[in-house]
Amino acid sequence: MKFDIVVIGGGLVGASLVVALKGSGLKIALIESRLPTPLPNDTSWDSRIYAISPGSAAFLQTLGLWQQVEAARITPVYEMKVFGDDGAARLDFSAYESGLSELAFIAENRQLQTAVWNALTSVADENVTVFCPAQCVSLSWNESSADLQLADGSLLQTALVVGADGINSWVRKQAEIEVAQHPYHQVGIVANFDAEISHYNTAYQWFRRDGVLALLPLPNKQVSMVWSAHESQASKLRDLSDEALCCQVAEAANHTLGKFRLVTDPVGFPLNFVHVKTLVKPRLVLIGDAAHGIHPLAGQGVNLGLRDARELAAILMNRGLQSDCGDFMLLRRYERARKEDILAMEFVTDGLEKLFSSTDPILIRLRNLGFEITNRLPLLKNRLMQHALS
């Protein structure tokens with residue numbers, strides 16, 4: 001089977017790219033190992049929550065996906081309050097003061113995943129073929145094409161392979177692309193809670209000596225917690241009873257939202273920094289977590305990936321007289337367009353994590369002083385926000 005593009009990885013980023021390319025006339029295949037988790041019949045909440053930037057929401061809307069997510073399951077963020085670890089330093093962001101409608105939207109992974117897969121399968125398109133569940137077993141490149149074999153014996157030939165298969169990308173390994181990575185020795189603990197006090201559409205974040213705690217607003221008085229805790233602390237948190245965990249989170253949040261009641265069981269995932277030396281090779285491009293792995297303290301991982309998909313789709317759709325989607329010079333346009341954004345986000349998130357992990361008294365004072373100074377400079381705050389909103 002011959003294709004123009006084979007996308008390996010059907011998560012939100014990879015599947016969004018395919019939807020963006022529907023109607024392009026390109027023959028596309030999407031390979032995904034697992035069917036998406038169906039939406040439950042009850043009103044339970046997904047523990048995996050995304051902070052979707054206005055720019056990403058606009059991109060999803062142009063694809064017809066954002067409109068498919070139940071409005072009652074999306075929470076706009078109007079304010080964000082960030083606290084240093086000295087009990088006094090803080091940084092406040094306000095959509096109203098910046099002339100914006102909102103800073104972000106909080107949405108569930110499974111709601112977005114369902115929307116994008118419905119878009120892939122509900123409208124017939126003879127140029128798009130979905131292989132799911134399917135497992136890749138071999139991948140090789142030659143001058144004119146890439147050859148992919150699936151576990152069921154299917155052989156696919158394509159002009160371009162798009163690796164969208166996550167932080168431990170199999171595609172990246174097959175292409176022997178070098179990565180620089182290091183573990184943070186932290187675990188991201190995620191869970192949802194009912195709060196005693198309303199959040200009023202405000203996101204909270206505390207930089208603590210034992211990690212970073214974020215509380216993101218969900219509908220009504222519910223919040224989604226992301227606690228990037230050191231491994232020993234994370235182990236203790238996961239061993240706590242429901243009641244003890246609620247007390248621990250309330251205390252860590254300085255009782256800002258009062259008492260908590262656990263809604264979803266806590267889940268943990270290890271945190272690692274991954275920098276990919278190159279995003280493209282002849283007939284290969286990486287997007288999403290396959291192209292970068294950053295600390296979740298800024299909540300920008302999925303937005304970085306959606307900007308990858310948006311840029312790659314635009315380049316492939318506007319390639320002019322270039323008929324070969326895997327042409328290296330064409331793919332280099334994508335790498336040049338995305339490199340600055342990715343490097344900036346890697347630098348900021350990795351730098352902040354290192355800065356707030358330090359026990360040096362001078363750095364402790366400087367990092368909290370930086371919060372105080374930035375909070376008094378509206379132009380600087382707006383500049384920081386503009387990047388996160390794209």
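My entries follow, topic by topic.

**Starting note.** I am working with a predicted model.

**Core.** I began with the largest nonpolar core, which has 77 residues. Which of its residues touch the most other members? I found Ile 5 and Ile 31. I then listed the contacts of Ile 31, leaving out residues up to four places away in sequence. Ile 31 touches Val 6, Val 7, Ile 8, Gly 9 and Gly 10, among others. The list for Ile 31 also includes Phe 131, Ala 134, Cys 136, Leu 148, Leu 150 and Leu 156. I noted a second, separate core of 25 residues as well. Among its members are Tyr 204, Trp 227, Ala 229 and Cys 246.

**Cysteines.** How many disulfides does the structure hold? I counted zero. I checked Cys 132, and its nearest cysteine sulfur is that of Cys 136, 11 Å away. From the side of Cys 136, the nearest cysteine sulfur is that of Cys 132. Is Cys 136 buried or exposed? I logged Cys 136 as buried, because its relative accessible area is 13%, under the 20% limit.

**Surface.** I turned to a nonpolar patch formed by Ile 362, Leu 363 and Leu 366. Together they have about 270 Å² of accessible area. I placed Leu 363 in helix H9, residues 361-375.

Terms used. Residues are numbered from 1 along each chain as its sequence is written. This is a predicted model: local features need pLDDT of at least 70, side-chain atom pairs count only at pLDDT 80 or more; totals for chains, interfaces and linings use all residues. Side-chain values use heavy atoms; hydrogens and water are left out. Patches are made of residues with over 30% relative accessible area and no salt bridge: like charges are joined within 9 Å, nonpolar side chains (Val, Leu, Ile, Met, Phe, Trp, Tyr) within 5 Å. Accessible areas come from the Shrake-Rupley method with a 1.4 Å probe; for residues, only the protein chains shown count as cover. A salt bridge is a side-chain nitrogen of Lys or Arg within 4 Å of a carboxyl oxygen of Asp or Glu. Helices (H or I, at least four residues) and strands (E, at least two) are DSSP runs, numbered from the N terminus. A nonpolar core is a set of buried Ala, Val, Leu, Ile, Met, Phe, Trp, Tyr and Cys residues joined through side-chain atoms within 4.5 Å. Buried means under 20% relative accessible area, exposed over 50%, partly exposed in between (1.4 Å probe, protein chains only). Contact means heavy atoms within 4.5 Å. A disulfide is a pair of cysteine sulfur atoms within 2.5 Å.
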